[in-house]
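Subject: Structure handover

Hello,

Here is the structure I said I would pass on. My notes on what was found in it follow below.

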Amino acid sequence: MTLADDQPLLVAEGLGKLYGGRVGCLDVSFALWAGEVLAIVGESGSGKSTLLKCLSMQLAPSSGRVHYRLRDQRMVALDRLSEAERRFLMRTDWGFVHQDPREGLRMGVSAGANIGERLMAVGERHYGRIRGAALDWLDRVEIEADRIDDSPLAYSGGMRQRLQIARNLVTGPRLVFMDEPTGGLDVSVQARLLDLMRRLTHGSGLSAVVVTHDLAVARLLSSRMIVMQAGRVIESGLTDQVLEDPQEPYTQLLVSSVLQV
Amino acid sequence: MTISKLLEITNLCKTFRLHIQGGVEIAVFNGLELTLARGEVLAVTGPSGTGKSSLLKLIYGTYRAGAGRIEVVHRGSVIDIATATPRLIGDIRRHTIGSVTQFLRAIPRVPTLDIVAEPLLERGEDAAKAKARAGELLERLAIPPRLWHLSPVTFSGGEQQRVNIARGFAARAPILLLDEPTASLDPANRERVLAMIAEASAAGTAIIGIFHDAAARNQVATRTLALTSPP
């Protein structure tokens, strides 16, 4: 495979979202290829989460467009998808990991059902296979098999986050959106989650767009980075380029503000 | 570029502008020229602050060139790193330029063997072969197998450096950048690393290294580039 004939998986083109007169994000353009992890960094209110929601069809953009390559290799504009295609993306081909696992999990049903539900949504009906897949994914995210029938309410924050990831990945998505996936977790729990996310993305072809304000997380997980300020992308490049040779005053401030331990 | 030349730098300029410190400008290079052929070991020398590490980072694409060209032979064509897209630079790092930095950067919990094998996996090599190669290198650098399944985060400085060196050598890249590869090693391990550098060079790898230790430098370098502060 050469770079030239390898087409991007997702292309954002002049993407913008206005809340009334206020800018959520503005004029955002970038391309994401299969297997890449892209970090979106910037301070609170810089438009990172708005951008993520526009990319993942949770918010309708005010301007611009997102193109996505379907499994049959057709590149389609997300606002022109058929209802069946849209459902396929939301339920199977994409994952969305929320900062608060309670938003991404159903807290009233067991851990196993949380994973199995996504499989059932794509037509799997065989109980044994669903339970088998749930057990396999619990193992991969390092949750003991004997916790399968527990409610996520009985799980710790770090376990809930790993369960949310398992629920998202059970359908074999090609793209996962993550909004501050390590936010609010202890550092030791964060390391475990980072290790898991690294194993899931490296070499598997899975792509991810990760919103984070934690530059250390971005450094360890992503290969490319975009920096947002006041809704706009002010700098982008390879993660080590942006962090070690930041060009913009705001990026320099951001990088120099990280405390060293 | 002729066939044996792997790297050619022309009129390289780099100035850092520190916006948050009153816009101070620090000029590092102003018209640097350099070529590197197969099998050469170029030692970059000069006092602190003359840009030795910066040169390696410019070649690796971590620092962005202000002006000039940094051309490498990548998969049979000549690519200018100074203007290459981030994605192309990523491909160059997978296939053409290996790097050993002074400090190991790793996610806690990732086993040493995986860290060393990773560059091979990233270029699509078979997992079993990649781990076997990683094991050979670790063994050669005297990291015993009982440590391979541990994260190197808790290793000593010298052990971490050897893990980093094993990772840098794993993919057998045609161009290798070494930033102080022997700095925190004891004499026996220093000799092991110098022997690996000499072997890679004999096999055609083009190497640029920073060696503070003059004896180490004299032992492996085929050429020296002395940097001075820009006027």
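Is the crossing of α3(B) and α5(B) left-handed or right-handed? The crossing of these two helices is right-handed. Before the rest, please keep in mind that this is a predicted model.

**Helix packing in chain B**

Two packed helices are described by the angle between their axes and the distance between the axes. For α3(B) and α5(B), the latter being residues 157-170, the angle is about 25° and the axes are 7 Å apart. Angles under 35 degrees count as roughly parallel, so α3(B) and α5(B) are roughly parallel to each other. On the α3(B) side, the contact is made by T112(B), I115(B), V116(B), A117(B), P119(B) and L120(B). The α5(B) side supplies V163(B), A166(B), R167(B) and A170(B). Sorted by class, the contact of α3(B) with α5(B) has 8 nonpolar residues, 1 polar and 1 charged.

Helix α3(B), which covers residues 112-122, also packs on α4(B), residues 127-140. Here the angle is about 125° and the axes are 8 Å apart. The two helices α3(B) and α4(B) are therefore oblique to each other. Their crossing is right-handed. From α3(B), the residues in this contact are T112(B), L113(B), V116(B), A117(B), L120(B) and L121(B). From α4(B) come A127(B), A130(B), K131(B), R133(B), A134(B), G135(B), L137(B) and L138(B). The contact of α3(B) with α4(B) divides into 10 nonpolar, 2 polar and 2 charged residues.

**The two chains overall**

Chain A has 10 helices and 10 strands. Its C-alpha trace spans about 55 × 50 × 45 Å along the principal axes. A compact globule of 261 residues would have a radius of gyration near 18 Å, and chain A agrees with this because its own value is 18 Å. Of the 261 residues of chain A, 44% count as buried. Among contacts in chain A with a separation of 6 or more, 65% are between residues 24 or more positions apart.

Chain B has 7 helices and 9 strands. The box filled by its C-alpha atoms, taken along the principal axes, is roughly 50 × 40 × 35 Å. For 231 residues, a compact globule would have a radius of gyration near 17 Å; chain B has 18 Å, which agrees. In chain B, 43% of the 231 residues count as buried. Of the contacts in chain B between residues at least 6 apart in sequence, 70% join residues at least 24 apart.

**Where the chains meet**

**Residues to look at**

Most residues other than glycine have a negative phi, and most peptide bonds are trans. Q73(A) is a residue other than glycine with a positive phi, near 75°. Q73(A) is found in the loop between β4 (63-69) and β5 (75-77) of chain A. Is Q73(A) buried or exposed? Q73(A) is exposed, because there are 7 other C-beta atoms within 10 Å, and a residue counts as exposed at 12 or fewer.

E180(B) is not a glycine either, and has a positive phi of about 55°. E180(B) is found in the loop between β7 (175-179) and α6 (187-202) of chain B. It has 20 C-beta neighbours inside 10 Å, so E180(B) counts as buried.

T15(B) lies in strand β1 of chain B, residues 5-18. With 13 other C-beta atoms within 10 Å, T15(B) is partly exposed. Leaving out residues up to four places away in sequence, T15(B) touches E25(B), I26(B), A27(B), V28(B) and G66(B). T15(B) and R109(B) are 94 residues apart in sequence, and their C-alpha atoms are 38 Å apart in space.

Regards

Terms used. Residues numbered from 1 in each chain as written. Chains lettered and ligands numbered in written order. Predicted model: local features only at pLDDT ≥ 70, side-chain atom pairs only at ≥ 80, totals over all residues. Helix = DSSP H or I, 4+ residues; strand = E, 2+ residues; numbered from the N terminus. Rg over C-alpha atoms; globule rule 2.2 N^0.38 Å. Contact = placed C-beta atoms within 7 Å. Axes fitted to C-alpha atoms, helices over the stretch in contact; angles between N-to-C directions. Parallel < 35°, antiparallel > 145°, perpendicular 65-115°, else oblique. Left-handed = near helix turned anticlockwise from the far one by under 90°. Nonpolar A, V, L, I, M, F, W, Y, C, P; charged D, E, K, R; others polar.
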